[in-house]
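Here is a report on two chains and the contact they share.

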Amino acid sequence: MQTTANAVAQMADQIIDLTPKERLIRKAKSHLGFQFGAFIVVSFALIAIFAPLFAPHDPFVQDLTKRLVPPVWAEGSNWEYLLGTDHLGRDYLSRLIYGARVSMGVGFGAATLGCMIGVTIGLVAGYLGGRVDQAASFLLTCQLALPSLLLAMALVFFVGSSVITLIVVLGVLHWQYYMVVTRTLTRQIRALEYVSAARSIGSNDRQVLFYEILPNLLNQIIVVFSLEMAVVIIHEASLSFLGVGVQPPTASWGLMIAEAKTMMYFKPYLVVIPGAALFLLVLAVNLLGDGIRDITAPDSRN
Amino acid sequence: MTALLEVQDMSVTLKLAEGEMTAVQDVSFTVDRGETLGIVGESGSGKSVSSMAIMGLLPRGTRTEATTLRLGDVDLLSASEEEMARLRGNKIAMIFQEPMTSLNPVYTIGRQMTELMQLHKSVSGATARARAVDLLEKVGITAAESRLSQYPHQLSGGLRQRVMIAMMLMNDPELIIADEPTTALDVTIQAQILNLLKDLQKELNVALIIISHDMGVVARVSDKIAVMYAGQVVETGPVETVLRAPKHPYTQGLLESIPVPGQIEPGGALGSIPGLVPSLKTRFKCCRFANRCLRVHEACQQGPVALQDAGRGQAYRCVLTPGTLRDGASSLAAPEAGDGSYGTGINMGASPVLQAIDAGCTFQVKQGMFSSAKPLRAVDEISLDLRQGEVVAVVGESGCGKSTLARMLLGLQEPTAGQIMLGGQDVAELSDMERSRKIQSIFQDPYSSLNPRRTIGEIIRRPLHLHGVGSLAEQRAKVDAIMERVGLLRSFYHNYPNQLSGGQRQRVAIARALILNPEIVVCDEPTSALDVSVQAQILNLLLELRAEMGLTYLLITHDMAVVEHIATRVVVMYLGRIVEVADTHRLFSNPRHPYTQALLKSVLTPEPGAGVPSVDLGTAYPNPINPPSGCAFHPRCEFALDICKVKAPVLESLSPSHQSACHMLEKEMV
Amino acid sequence: MLQFILKRLALGLAVAFTVSLATFLMLNLAADPAAMVAGEDATQEAIEQIRVQYGFDRPLYVRFLEWLGQLVTGDFGDSYYWKQPVFDLLIDRAPVTLTLAAGALTVTISLGLTLGVLAALKPNGWLDRFALSFGTAAQAVPNFWFGLILIILLGVTFPIFPVSGDSTWMHFVLPCFVLGTSAVPQVLRLTRTGMIEVLGSDYIRTARAKGFRPRQILFRHALRNALLPIVSVITIQIGYKLGGSVITESVFALNGLGRLAYESILGADIPTVQMLVFFFALVFIILSILGDILNAWLDPRMRVE
């Protein structure tokens, strides 16, 4: 039996807002930073994956007769080598394109590894609290104290430089931010009533963590992921620049800058171009991350 | 004689990302020295915005327009920012809702008070300090001199609010605006603060504006009242006239949906206002209340409605004449007379479905970074029985332990002492599955009790999924059925919580709790976070469901009016212990424990002219970490005997259905 | 308060120990120390000889305890590569790095704090947008590349500053600027967020209701609250400057600890590398303890019970 009150309540009720997905899409459409970032990142990713299709030459092939050919806008250039050649006669543009593989590969790989470590620790510490949390916080403090760039340099050099080593070392040294964010969020969410409600309808801890809490963390984790990826890309470039990262003859933008250092007063473009590529990619990743943060930020209640 | 503050046809337009929004439209009122104006309205009514507009405190980009906006001789509308700043804290004082966060945490009380005086007047530090001490004493703060060097976090909520009041009086204002001054405070402190404001008004002859959503507060304190809805004043006039003979359907509906102790038939449904408060982003073309009004006419949809004069200072905004409005019992969904029969259907002889046996819960709490953990006895030796069909209300102010008790009964918190028995079995021994089929819960905050990333359908279906009840199609059918039962449209199945209003979300929470057909439902402040007009809808629903499904309720609340309306038995808690238990009728007609008496006395019903009861409980609610010795209530009890300081009283019977824990009553105990 | 300090010190000690253990393990397990010292083309015999000579054949825990003992007594051992006591190397190179760190910190704080506060005053105003864009762009510029570009522009094309060496204060201008600006985005954002939060708080609303003008509110009421958390940020930044010195010193050819570390790594000089990693970590730990204590002392909520 329904009272008139309920019947009228039904009539007068209306939907006030959009679904979360609709809101995301609407916000994404008007967020320039997000669009720009996404466009660049996706482009670079495609270039990296399909490098052989994009690169006009094999980046490893040397031709000592054609060393240091200038790029197309300078004198003495050659349309076959759009950006000229480096000191060993290798096509600069192709090396640039293949360099994207290293940057994106190491960036993505290390960020993923760091993410898995950090999010796991953060979830467990945030949900269980108590001693587990204290132990995790202690671990975090120790990790923060270590000079990560220095240590990464040493470890990569000692173990032997390779892309895999870079991914593992950089990943293992970069989980702090994930952990902090995950832990803080998990603690906040744990105190919300829908977690208590989930437990009172019979969910066990595992179900609460994965069905209730994790979906609410994903947005923030993606934001952290993109920011960390940007950091790792720069670290890889720094390490390669210093000679303890990717080793020749593999193409890495940092390495290309190092190789160009001796000639930089005469041919500054050799230094500028790979740096500009780095700048563009990192900027795009950061904008993407910021954009995702803005788009997924909760609206205040009416 | 012109009034001190005159507001005529004020409108405030806010600039939002998506365009402009008129938060307040055609608002008019006046206040004079020695007069109290009460502005009452639900959330989104524009009451706070109006007061901020008077002070000129609205954010940049806001446009305030009015025919007149005047304080004394000063035209507030054309005043420059510099002139406005000279008035604030000087001629106009404002007291905000949250005393916790309204004081600067890094400066002493003394500094915050004296800087206000020295800002507007050139006085020496010593003079300012002397005045501060003076005012602190006037607002009833003991050891005033020593308070000057204390920091805000060292004081309780009630004390902080007194400090705020004292602070704002430093420069002898002419007008005081108090925006929800007692909403964040305990009920027993509320009466004290309101009395303080009234006394100060009399002594200093100031004009006072009290803004509140609580009709009871406004009714007791005001001389005249303005009822706001959706940004407009819909009714105004002397408080006696408006509350005894309201003309606007909204005012009538509000008054009918508030359970007034002593006037409700137990078990009867409350009058309620259907629908929701409209969003202020709507572009209103006609009467703003039309879509919820059961007396709606064609005339209501024709255009904006102006204020009509009803005589004797009363005005209201409706197309209907006083004659048409006065006839008929009420203007809205009629409150159904209860048959008082909720008392039957309860089998007091059968074994209890839920029991707490000497249950206790002690937390180890660290205060600040420097000290070691101290024990906090949230719940202390509680014994409680619930029988099938009862609605037992557990009442008490914040810090009494009722929420912890609720969590213990739900199995979410392990007791550190004693047992919780569910249907004869210890809760600790039941599996999550078994327990959750018997006892469920509805939580307080409809905004945080639903997972924002799950659809309504997923949320309601989840318990069935977890317990493996039926096939997907069968589960879906059950969800549809219960959604309809609680008054949710079927189409909400695929919507998300953020798309629903507070009342709708609470219905979802109810649906989720009931879909497994539990025996017992723990309702933790189920209506506190809802607008008044929606509260009644939810309470009615809960009563109906109880009758239909044979449910037993444990109701946790601080709202005594709700208790009298739907509870069968009441348990009063103070600092973790039970101080009184009785059948509802008996408790309200004959409360014996001094705390219960004070609590009931503090409840402000919307009785105009009744004044604010003087409840003298002395100091603030004690901190559970440092409980008083013996009877926890003794420092605030006017009847305290020597033994009360030493020995804690035990709960004993005054009659078969009435127990109390008080040394004074011991001679009457059976 | 004393109890707090003691607890904090104890924690710091535990962290220092764990860090030393982790450093030792990582560096000595990453590769065979004997092979590293012997060099690339050494024969197996040469490697074994070195292993015995330097004591690499002893069990790990023995070597760790020996190192731990060295740390505590202050005898940091001898460097294989530089053929000097590590301690001497440290003392020799430290001043350069300290100067660099101090200069960079000045840049970071003055730019970061000021921009952050100014940006927060009018959120979404033109200054705010500019500051945020500047921050995002600055974050994307690789440190070493920025240094090279500045060298090209301000050292060669317009030869204003010297580009290598560390003899005069002019030598430090570019490096301090490069190292300093790398941290500006983070400090800017933190300051801005903290400031916005404070400006939106209830007690600032109360200050407005009291009749204070915006300027007064900013300096009297808002800054004190907003800057509280910045204190610990600053102390941590100092730590990061040390770590960031590795790249800057290499690019600008400054003879500081960072360059020492870099060259030691290339020279497979485990003792020096070990020592430097631990030293940087220790500085960070000490600074964060100081930061926590300062923070607790400044915040009345922590100070008074």
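## An open sheet in chain B

Four strands of chain B form an open sheet in the order β15-β14-β17-β18, and their pairing is antiparallel. Strands are DSSP runs of E with at least two residues, helices are runs of H or I with at least four, and both are numbered from the N terminus. Two strands pair if DSSP finds at least two bridges between them. β15 (374-386) and β18 (425-426) of chain B stand at the edges with a single partner strand each, so one side of each has no neighbour in the sheet.

Inside this order, β14 (residues 354-365) and β17 (residues 417-422) of chain B share five bridges in the antiparallel sense. A356(B) faces I420(B) in β17(B).

The model is predicted: local features need pLDDT of at least 70, side-chain atom pairs count only at pLDDT 80 or more, and totals for chains, interfaces and linings use all residues. Residues are numbered from 1 along each chain as its sequence is written, while chains are lettered from A and ligands numbered from 1 in the order in which they are written.

## A buried strand

Strand β3 (residues 36-40) of chain B has five of its five residues buried, so the rest of the structure largely encloses it. Buried means that 20 or more other C-beta atoms lie within 10 Å of a residue's own; exposed means 12 or fewer, partly exposed is in between, and C-beta atoms are placed from the backbone. Both faces of β3(B) are covered. T36(B), G38(B) and V40(B) lie on one side, L37(B) and I39(B) on the other.

β3(B) pairs in the parallel sense with β9 (residues 207-212) of chain B over five bridges. There, V40(B) stands opposite S212(B). β3(B) also pairs in the parallel sense with β10 (residues 224-229) of chain B, over four bridges. In β10(B), I225(B) is the bridge partner of G38(B).

## Chain B as a whole

Chain B holds 21 helices and 25 strands. Its C-alpha atoms fill a box of roughly 75 × 65 × 45 Å along the principal axes. The radius of gyration of chain B is 26 Å, which agrees with the value near 26 Å for a compact globule of 670 residues. That radius is taken over C-alpha atoms, and the globule rule is 2.2 Å times the number of residues to the power 0.38.

Of the 670 residues of chain B, 53% are buried. Among its contacts with a separation of 6 or more, 69% join residues 24 or more positions apart. A contact needs C-beta atoms, placed from the backbone, within 7 Å.

Chain C has 13 helices and zero strands. Its C-alpha trace spans about 85 × 60 × 30 Å along the principal axes. Buried residues make up 41% of the 305 in chain C.

α10(C) spans only 45 Å between its end C-alpha atoms, whereas a straight helix of 39 residues would span 57 Å. The expected span is 1.5 Å times one less than the number of residues. A kink of about 50° is centred on A222(C). The bend is the angle between axes fitted to the seven residues ending at a residue and the seven starting there. Just after α10(C), A253(C) has a positive phi of about 55°.

## Where B meets C

The contact takes 25 residues from chain B and 23 residues from chain C. On the chain C side, α9(C) gives the most, with seven residues.

Terms used:
Two residues are in contact if their C-beta atoms, placed from the backbone, lie within 7 Å.
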